[in-house]
Amino acid sequence: MKEFEPKIVYFLCDWCGTGGCETASAHHLYYPENVLISRVHCTGSLSAVHILRSLIEGADGVVISGCHPGDCHFETGNYRARRRVAVVKSILETLELGPERVWFRYVAHGEGRRFVDTAAEFNDHLKKLGPNPLKLRRDT
Amino acid sequence: MSKVFKLDESVEKSVKKLLTFLLNKGRIRGALVLQKTDGNSAVAYSLITDADALASACPLCPLMPSNAASVLSRLTLQESLPEPLAVVLRPCELRGFIELVKHGQGSLDKFLFISSVCGGVYPLKMVQVDGSVGEKLPQYWDAVKRAEIAPEIRPTCRACERFVPLGADMTVATMGESGLETKCTIFLNTDKAMGFIEGMEGKLAEEKLETEAIQQHKQKRKAEKNKLYDEIGLEKYGLSGMIDMFGKCIGCHGCSQVCPICYCEVCTFESRDLEPKPAEFERDLNKKRAIRVPPDTLFYHLGRLIHVAISCVGCGSCTDVCPVDIPVSSIFLKVRESVQELFDYVPGMDPEEAVPITKFETEELVEFED
């Protein structure tokens with residue numbers, strides 16, 4: 001049987017997240033091909049609606065990576081993102097809709113290794129969880 | 001102990017008398033109160049500047065035809081009031097308005113807020129279909145007098161623990177007050193309130209707002225809330241349950257229209273941005289081979305939960321207007337509790353306290369980092 005290959009949406013901020021991704025490529029580090037990168041200007045500009053929409057419309061999981069605390073290009077965007085993700089995750093938890101399918105992890109510009117590790121780790125994590133039931137429903 | 005003003009007439013008459021006094025003295029430009037529509041089968045919020053028009057007002061009528069928070073936001077969205085306006089509203093409506101002001105959707109300037117210890121309201125369907133609220137009034141006030149939960153009031157109200165107003169200038173005591181028909185006690189919470197009633201006929205005294213009766217009533221409401229949680233049984237739902245519950249939704253978006261917190265002029269969920277394009281239908285059909293149209297029912301409700309939960313004051317208007325009886329506010333009740341606890345936030349309590357989602361701490365919420 002073909003192994004389940006999760007579809008992952010990876011939101012990277014334009015500064016540190018994307019930088020980490022670029023560092024990874026400069027070092028020829030590989031991440032799973034089923035990770036779809038989506039660049040956002042800042043994790044603080046990412047709406048909760050985007051996270052939700054990804055999960056409903058076909059993603060098995062969503063990762064959000066921005067600058068480490070104190071390093072945000074816009075100074076406070078990552079802190080705001082953290083609050084927003086906390087709201088989304090606690091609501092998904094209350095409704096038992098799988099908060100574990102959303103990850104929030106800081107990746108700095110130079111952390112190419114951390115970026116590919118996060119992608120691989122999340123990929124394994126989702127393989128264990130199985131397909132996202134939300135995306136399979138025909139009646140949402 | 002707080003300052004109180006005592007009047008020798010029924011609660012409703014006293015409030016009208018107070019408004020008449022304020023109007024006649026020119027201390028307020030007008031009053032915003034619930035007023036009976038012609039034929040007395042319904043009530044609506046009305047702006048009144050003529051004291052005679054107060055005759056058909058029913059300031060404490062247990063109905064919420066629209067959330068006063070939205071009404072006040074519309075009045076003050078462009079600019080703050082030029083002259084004072086007295087508003088008689090329920091605790092949740094006041095909290096809703098304070099929340100809106102925090103979101104930049106209005107101004108608290110020049111308002112005189114008169115609220116009451118709230119015994120809850122009847123579902124809107126009751127007044128519109130058979131006009132039966134009039135007959136229910138005696139038993140309603142009887143229950144309030146005995147500090148009991150009035151039968152047939154909305155489930156959201158039964159489960160509401162914040163029925164004592166926060167942030168009101170004046171609070172009309174009702175819960176557990178045995179002489180409702182003959183006397184009225186109005187708490188003067190602010191210096192502003194003291195200034196407004198100066199010269200009015202009545203007695204000043206000192207009393208405690210949170211009486212024994214109110215404390216006991218709080219326990220009753222709490223028990224009702226737990227009962228409601230059991231009835232709804234959200235934890236049993238999971239994905240199937242959620243889809244089943246929201247599957248009934250006809251997509252009228254009435255819940256967002258009446259929600260005091262859902263203030264966006266252009267809603268994400270009604271924008272062209274989310275309007276599915278033919279290619280997207282094609283894409284989804286290729287994947288699933290069957291989809292509900294229009295799509296995004298669950299998306300809309302979950303999205304609204306995420307947007308509103310932090311500021312939800314639990315007014316219950318959403319459940320009230322739902323044409324297919326989805327217990328929207330009961331679901332919100334549970335969900336908002338988890339989010340509000342996360343930030344230790346009580347919406348509408350303090351106008352100076354920013355909404356948690358608009359601020360941050362540099363060291364917090366590490367448990368949400370992965």
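The residues lining the second largest pocket split into ten nonpolar, three polar and ten charged. That pocket, in what is a predicted model, holds about 510 Å³ of space. Its lining is made up of 23 residues, and the closest to the centre are B:Glu161, B:Arg162, B:Arg336, B:Gln340 and B:Val346. Two elements of chain B give two or more residues to this lining, namely helix H8 (212–232) and helix H14 (328–342). The largest share comes from H14(B), with five residues. Seen by domain, at least three lining residues come from each of domain 1 (2–226) and domain 2 (231–368) of chain B.

For H8(B) and H14(B), the axes come within 10 Å and cross at roughly 110 degrees. An angle from 65 to 115 degrees counts as roughly perpendicular, so that is the label for H8(B) and H14(B). On the H8(B) side of the contact sit B:Lys225, B:Leu228, B:Tyr229 and B:Ile232, and they meet B:Ser330, B:Leu333, B:Lys334 and B:Glu337 of H14(B). Sorted by class, this contact has four nonpolar, one polar and three charged residues.

Now for the largest pocket. Its volume is about 1000 Å³. A total of 37 residues line the largest pocket, and a run of chain B residues lies closest to its centre: B:Ile261, B:Cys262, B:Tyr263, B:Cys264 and B:Glu265.

Over in chain A, another helix pair is worth a look. Helix H1 (residues 16–26) and helix H4 (residues 112–129) of chain A have axes 7 Å apart and pack at an angle of about 100 degrees. H1(A) is therefore roughly perpendicular to H4(A). In this contact, A:Gly20, A:Cys21, A:Thr23 and A:Ala24 of H1(A) meet A:Gly112, A:Phe115 and A:Val116 of H4(A). The contact of H1(A) with H4(A) divides into four nonpolar, three polar and no charged residues.

Finally, the backbone has a couple of details in its loops. In chain A, the loop between H1 and strand S2 (35–40) is the place of A:His28. Phi of A:His28 is near 55 degrees, which is a positive value in a residue other than glycine. In chain B, the peptide bond from B:Val293 to B:Pro294 is cis, and its omega is near -15 degrees. B:Pro294 sits in the loop between helix H11 (278–288) and H12 of chain B.

Terms used
Residues are numbered from 1 along each chain as its sequence is written. Chains are lettered from A and ligands numbered from 1 in the order in which they are written. This is a predicted model: local features need pLDDT of at least 70, side-chain atom pairs count only at pLDDT 80 or more; totals for chains, interfaces and linings use all residues. Side-chain values use heavy atoms; hydrogens and water are left out. On a 1 Å grid over the protein atoms alone, a cavity is a set of points where a 1.4 Å probe fits but cannot get out, and a pocket is an open set with protein on both sides within 12 Å along at least five of seven lines; lining residues have an atom within 4 Å of a point. Grid points are joined across faces, edges and corners, and a volume is the space filled by probe spheres set on the points. Helices (H or I, at least four residues) and strands (E, at least two) are DSSP runs, numbered from the N terminus. Ala, Val, Leu, Ile, Met, Phe, Trp, Tyr, Cys and Pro count as nonpolar, Asp, Glu, Lys and Arg as charged, and the others, Gly among them, as polar. Domain bounds come from an automatic or database domain assignment. Axes are lines fitted to C-alpha atoms, for helices over the stretch in contact, and angles run from 0 to 180 degrees between N-to-C directions. Angles under 35 degrees count as roughly parallel, over 145 as roughly antiparallel, 65 to 115 as roughly perpendicular and the rest as oblique. Contact means heavy atoms within 4.5 Å.
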